[in-house]
Amino acid sequence: PTRRPLVEKMALYWHHHFATAYGKIAGAVGSEEGARLMAARPGDDPGRVRGHLELLRQYALGNFRDLLVEIAKDVAMLYWLDGRNNVRTRPQENFARELMELFTFGVGFYTESDVAAGARVFTGWNTRRVTGPGGPTDPATHYEFFYNAAQHDTGAKIFSFPIYPDGSRTIPARSDGLQDGLDFIAACVRHPETGRRLARRLYGFFVSELQPAPDDFVSSIAGVFASSGYDMRAVVRAILTSAHFLDGSARFARYSWPVEFVVRAIKEVGWSGYSVNSALTPLANMGQQLFEPPDVNGWETGRYWFSSGRTLARMNFAASLVASQRTVLRDEAKPFARTARSTLSYVLDRLSAMPFESGPLAELMAYLEAGGAWSGSDAALLVKVPGLAHLVLASSEYQFV
């Protein structure tokens with residue numbers, strides 16, 4: 001279990017927000033290098049490579065502008081959105097488009113000419129292969145961000161929205177292509193719709209997916225985003241202390257993402273002798289393969305997680321997990337097993353499902369009492385407690401957080 005659950009939760013959110021897939025990267029640089037670019041830890045990597053996930057962790061609650069600058073230089077992102085091929089004779093538009101459309105202010109606030117100008121901004125923001133001291137096969141040999149000044153378009157770039165605080169919409173002609181990129185990123189972050197869009201998305205991630213973000217919440221959080229200088233720690237603190245988050249109606253108002261469902265189930269049921277690798281195929285069957293979002297938009301969230309096949313995958317995973325922990329569940333339930341009702345209360349307290357209504361609650365009780373009078377024996381507990389846990393994990397009540 002992590003000691004920084006909020007950092008991990010935000011890293012998961014950013015993985016969706018800055019959707020980047022291992023498969024395309026591995027196809028370009030090979031499986032081993034692809035894994036390195038996605039997940040390497042600088043302290044463990046001989047070339048001090050910081051993988052994409054470590055970048056998201058490092059800046060999970062940091063400054064959003066700084067995060068975007070690092071994303072623009074991230075080698076995994078440069079392969080994912082083809083920035084490594086962005087040169088002055090053939091500007092590559094993918095990153096500039098997604099910077100505006102997905103990463104900051106969204107559709108409806110930029111033009112196709114903005115995309116073309118943005119592509120020119122990032123010409124020369126490429127990659128290179130750095131050879132380690134022992135030659136090309138040295139483990140320290142790695143890919144890194146490289147600003148290739150010879151491939152930067154030095155002409156002026158004109159946009160439909162302000163780039164500078166004085167209202168100027170033109171990045172002037174100059175040779176410093178790094179500054180071009182920094183100015184354009186800062187303008188996208190400063191755009192008034194960026195804070196509002198982030199507020200709406202974070203409302204769905206932290207508060208509720210059952211209704212749109214209220215206007216007062218959006219305005220308040222966007223205000224914190226701007227006044228704090230784009231500090232995500234301040235933004236998330238404002239969300240978690242807001243009346244909307246603390247309102248009781250916000251509890252169990254989000255559809256659990258597959259990875260949230262799996263991690264919560266493992267933490268609450270137990271993991272003795274259980275390999276997390278055993279959850280990877282079930283996660284994919286549930287619709288979420290980490291490091292492989294389906295496209296640049298990330299995953300379709302909310303109720304879209306729950307097709308019949310994906311729901312069955314959740315049930316099957318629950319059965320497998322519970323079966324692996326059946327003796328643990330039996331032993332830890334013993335002090336609470338005097339009656340069927342006390343056993344049911346124990347399991348419901350252990351597993352964080354939303355409250356069951358009277359009908360489903362009666363069905364759970366009937367399951368425990370089926371087969372005769374409750375004995376609370378080891379043999380009964382070995383069957384009934386894991387079985388009850390499976391029913392709870394597979395219930396609709398457990399699919400909300």
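## A buried glutamate without a partner

E268 is buried (under 20% relative accessible area, where over 50% is exposed and anything in between partly exposed, with a 1.4 Å probe and protein chains only), yet E268 has no salt bridge, and the nearest side chain of opposite charge, R264, is 5.0 Å away. A salt bridge here requires a side-chain nitrogen of Lys or Arg within 4 Å of a carboxyl oxygen of Asp or Glu; for charge, Lys and Arg count as positive and Asp and Glu as negative, while His and the chain ends are not counted.

The glutamate E268 belongs to helix 14, residues 258-269, where helices (H or I, at least four residues) and strands (E, at least two) are DSSP runs numbered from the N terminus. Once neighbours within four places in sequence are set aside, E268 is in contact with R350, L351, S352 and Y398, contact meaning heavy atoms within 4.5 Å.

## Basis of the model

This is a predicted model, in which local features need pLDDT of at least 70 and side-chain atom pairs count only at pLDDT 80 or more, whereas totals for chains, interfaces and linings use all residues. Residues are numbered from 1 along each chain as its sequence is written, and side-chain values use heavy atoms, with hydrogens and water left out.

## Helix 10

Helix 10 (residues 192-206) has 15 residues, which should span 21 Å at 1.5 Å a residue, and its end C-alpha atoms are 22 Å apart, in agreement with that figure; the expected span is 1.5 Å times one less than the number of residues. Because 11 of its 15 residues are buried, helix 10 is largely enclosed by the rest of the structure. Among these buried residues are E193, R197, Y203 and F205, and the charged end of K9 sits over the ring of F205, 4.7 Å from its centre. A charge sits over a ring if NZ of Lys or CZ of Arg is within 6 Å of the ring centre and within 35 degrees of the ring normal.

## Aromatic pairs

The structure holds 25 aromatic pairs, defined for rings of Phe, Tyr and Trp (its six-membered ring) whose centres lie within 6.5 Å, with planes under 30 degrees apart counted as stacked, over 60 as edge-to-face and the rest as tilted. F64 and F225 form an edge-to-face pair, at 5.8 Å centre to centre and 65° between the planes. This pair links distant parts of the chain, with F64 in helix 5 (residues 64-73) and F225 in helix 11 (residues 215-227), 161 residues apart.

F64 counts as buried at 0% relative accessibility, and F225 is buried with a relative accessible area of 3%. F225 also forms a tilted pair with Y230, at 5.1 Å centre to centre and 55° between the planes, and Y230 counts as buried at 14% relative accessibility.

## Salt bridges

A search of the whole structure finds 22 salt bridges. In one of them D82 is joined to K24, the closest N and O atoms being 3.2 Å apart. D82 lies in the loop between helix 6 (75-80) and helix 7 (94-103) and K24 in helix 2 (residues 22-29), so the pair ties together parts that are 58 residues apart in sequence. At 18% relative accessibility D82 counts as buried, whereas K24 is partly exposed, with a relative accessible area of 37%.

The side chains of K157 and D180 also meet in a salt bridge, at 2.8 Å from N to O. K157 lies in strand 3 (residues 157-158) and D180 in helix 9 (residues 177-190), so this pair ties together parts that are 23 residues apart in sequence; K157 and D180 are both buried. Elsewhere, E8, R41, E54 and R57 are linked in a network of salt bridges.
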